Structures are given as structure tokens and as C-alpha cells.
Amino acid sequence: MHWTKVSILCLLGSFFLLANKAIAQDNSPYSRYGLGDLNNNQNTVNRGMGGVSQAYSDPQSVNFINPASYSSLLLTTFDVGIEGGGRSITDQGNKFSSGFGTLSYLQLGVPIIKNKWGLNLGLRPVTRVSYNIQQGFNGTFFDTLRYPLTNKYEGSGGLYQLYAGTGVRFGNFSIGANLGYLFGNIENNTRLVFPDATIYPSHKMFRTSYSSFFYKLGVQYRAKVAKEMDLTFGASGSLKQNMRARQETLSETLLFDGNSGNYSSQDTAKYVKGERGTVVFPEEFAAGIMLRKFDKWMIGVDFNTTQWQNYTNFGAKDSLQNAWKLSIGGQFVPNAMALSGYWNRVAYRLGAYYGNDYLKLNGINMPTTGFTVGAGLPVRRLPYSNQYSMINLAFELARRGNNETVLKENIYRLSVGFTLSDKWFIKRKYE
């Protein structure tokens, strides 16, 4: 492997470490429910088009949402995405803000047979748990004695997918599958704090460790409708899957250090480790259609739904409901073959979506809306080089909830994707 490729791999590994360190800055009360906040699960190209991805495929882009698209790969493509942004949450008139940053995906697409059979290896975060909330209330002791108490809720962790996928084309029809391993830990902590320093705070920790295999299937069909125009239909999904998990609980009293401001364990009241069980991940389905004029423009529509009412964690349900989202978006390139004028070869993207969130708090639905813009910036390749690189950008403005819901969240997110396509497996010849 050429030294420049090794440097790129090292650089992207550094992005992974830095992005995961930045997660700690986030504070989202929504992540207390279910498996946590669901990550945006499209690559940067599709994010710029409102998330439209079911019928999308490209010779130099890896669309892991529909594995049938892998059949279109022409070059070995290394693709990494990172994202960062901020959120503001309104809770009964109170407003607070936080920032976040994370790795979006890391993947390597390889054409086994060009434009017919492709392979993809990838890693991506699925959910994120990060919240720090305080709630004051009056506690009653011995029926008459009342204390102002504080509950402090903290959560951290998340789930990841490590997967391999393949897609094969038969004429105009493509099928594909992602198979992989889902893993991670989610920890929820509750501290009960007394105003009287002589009464020690209590702490309850609840940790769930996940380790299970998963799958996702996809299909695409492309029909030619004009000389340089085609129409693609795509769909993907999976049935309900049972994930293996293990729970761990801890109850203890704490000692507060006034100098450092930290708590330390004083006495363990109860510790239980090793209870195994099942977490039901619900069935999901998505379908879409995309009209494309070769090297000029494309426009598509997607609809996806996940049956979160069927989610259970060790047999227990949560404040979740069936979610759905309708997305529309497209891309325009002024002149992909232009020899001059860099901006003529840039891909300009626009999109929007509307749907119903998977959370249902106090019996009230939470609508979600979003607007996206994006761009694909080609990187000039070096002379005598087989490399074709692209920097993809996407900016999203989104809202979850409204004035009727318990919480209302406004989000802005900037996503950056780095795509390096190359003929990595050429046998060198010398004369």
C-alpha cells in the first residue's frame, strides 16, 4: 500500500478518537429513553439531500443504507464521515444548550466485479447516550419531616455496528445484505442528594452491555426511461431481531469531597452482575424512488418506518411509538465534464424531511422536521495518479417536538465526508 494511503488511514483513526472524545460534551435528555438518541444513519452525500438514499447508488460512493447499491462500485473507495453541531432544548420555559461531535461512519467499499458485484466493510455508531439532569423535590420522612431533595440523573455510552456487506447485480436488478455485530454499553446513574451534609448521598447505577449479530437486506431496480435518464426503485429493511444483553446494577452510599467537587464510594449496599436477557430491536422498512439524468441531476423521495412499539428491554417497554419519516431531495451538477471552472464540477444538494419521532412523552406525539443543504467538492487528482477524491459537506437544521410537547429541541449539524477512490489492487508492471 502506498505511503499516502497509510497516512490517510492514520489520520482517519485520529478522527475516530477525537470524535468519540467530543461526545462527552453533549447533553440530551431524550437519550434517557430506549437505546438512546438514534444517530443520523446516512452518509454525508445522502444527508445533503434530506436523507434520500434507498434508490441511490454511485460508482464512487458507498451507500450503506441500502446494501444493494454496492453492486455499482467501480473503484476501491475509502469513506469516512464526521459530524458536529449543537442543540438547544426548551423545557417548560427553561432553555439550555449543548454541543456534540462524533464519528459518523468508517467504511471501505471494494468492487469484486466492477459495476456488478461489490463488497463493503464498515464501522458506525448507532445510538448515543449522554445526559445530565437535575430534579428537585420535597421528600417526606416519618410522615412529618420534609426535606428539599435533589435527584441527579446521568447517562453515558452507546451502541456501535461493525459490519460487512455485499451487493450483486443481475441485469437491472440488484440485491444486497449487511451482516454484522452490534456491541456497546449504556449506563444510567441516579444520585439522591440531601441538603444536610451529615446524610450521605445515595447512588444507583444500572448498566446494560450489548453484544449481538444483526442483518439488513436491500434491493434496487433501475429502468431506463430516456437516452441519458433512468428511474431507480429501492427498498431495504429487516424483521424484528432479538439482541443478547447483560444487565449490571449497583446501589451504594457516597462521600462528597468539597475540595474536588467529586463523589466517591463509601459503602456498597447491593451489587448484582451477570443477569442475561433479550432486547428486542423492532422491524424496520424503507422504500424510495429516484429519477436521474446521467452526470447532470437527480431527485428522489424516500419513506421509512420503524415499529418502536415492539421494542422491549428485558421484557420492559418504554415511552416509544412507531416512527416514520418522509424525505425528498436531489443533486445538481452544472457541468461534470468541464475542463475549466471548478464550480461547474461541484455537486449541489438540497433536501427536506418530515415525520413522527419514536419518542412519545406524556402521550403526546413528537413531530420532526428538517432542512438540508450540501455539496460535493472534487479534489484535483495528481498527475499519473489513480486517486479520485471528494470532500462532501452537509448542513442540517432540524426540530423535534413543538409547543405542545414536554421538550422542544432545535438542532444544527455539520457533516463532513472524505471519500478516497483508488485502484488499490493494480498489479505493478515493469519494463
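On a 1 Å grid over the protein atoms alone, a cavity is a set of points where a 1.4 Å probe fits but cannot get out, whereas a pocket is an open set with protein on both sides within 12 Å along at least five of seven lines; lining residues have an atom within 4 Å of a point. Grid points are joined across faces, edges and corners, and a volume is the space filled by probe spheres set on the points. By this rule there are four cavities of 30 Å³ or more.

The model is predicted, so local features need pLDDT of at least 70 and side-chain atom pairs count only at pLDDT 80 or more, while totals for chains, interfaces and linings use all residues. Residues are numbered from 1 along each chain as its sequence is written, and side-chain values use heavy atoms, with hydrogens and water left out.

The protein chain has two helices and 18 strands; helices (H or I, at least four residues) and strands (E, at least two) are DSSP runs, numbered from the N terminus. Of its 431 residues, 47% count as buried, meaning under 20% relative accessible area with a 1.4 Å probe, protein chains only. Among contacts (heavy atoms within 4.5 Å) between residues at least 6 apart in sequence, 65% join residues at least 24 apart.

The largest nonpolar core holds 32 residues. Such a core is a set of buried Ala, Val, Leu, Ile, Met, Phe, Trp, Tyr and Cys residues joined through side-chain atoms within 4.5 Å. Leu 35, Leu 159, Tyr 210, Met 243, Val 279 and Trp 308 touch the most other members. Among the elements that give two or more residues to this core are strand 4 (117–141), strand 5 (145–170) and strand 15 (347–361). Leaving aside residues up to four places away in sequence, Leu 159 touches Leu 35, Tyr 210 and Phe 183, among others. Another core, of seven residues, lies apart from the largest one and includes Met 49, Ala 55, Met 290 and Met 298.

Strand 15 also pairs with two strands, where pairing requires at least two bridges found by DSSP. Nine bridges join it to strand 14 (residues 323–332) in the antiparallel sense, and Lys 325 has Gly 355 of strand 15 as its bridge partner. With strand 16 (residues 364–379), strand 15 runs antiparallel over 12 bridges; Tyr 348 stands opposite Ala 375 there. The hairpin of strand 15 and strand 16 has two residues between the strands, and Asn 362 in the turn has a positive phi of about 55°.

The largest pocket has a volume of about 1,200 Å³. Of its 39 lining residues, Asp 58, Gln 60, Asp 295, Ala 336 and Met 390 lie nearest its centre. Strand 15 and strand 16 are among the elements giving two or more residues to the lining, but strand 17 gives the most, with four.

Two single residues complete the account. Ser 236, in strand 8 (residues 229–238), is buried because its relative accessible area is 5%. Its side chain makes a polar contact of 2.8 Å with that of Gln 54; the term covers a pair of N or O atoms within 3.5 Å, where within protein one must be able to donate a hydrogen and the other to accept it, and residues adjacent in sequence count only if both atoms are side-chain atoms. Leu 75 is found in the loop between helix 2 (44–47) and strand 2 (76–91), and counts as buried because its relative accessibility is 9%.

How values were computed: Buried < 20%, exposed > 50% of the residue type's maximum accessible area, 1.4 Å probe, protein only.
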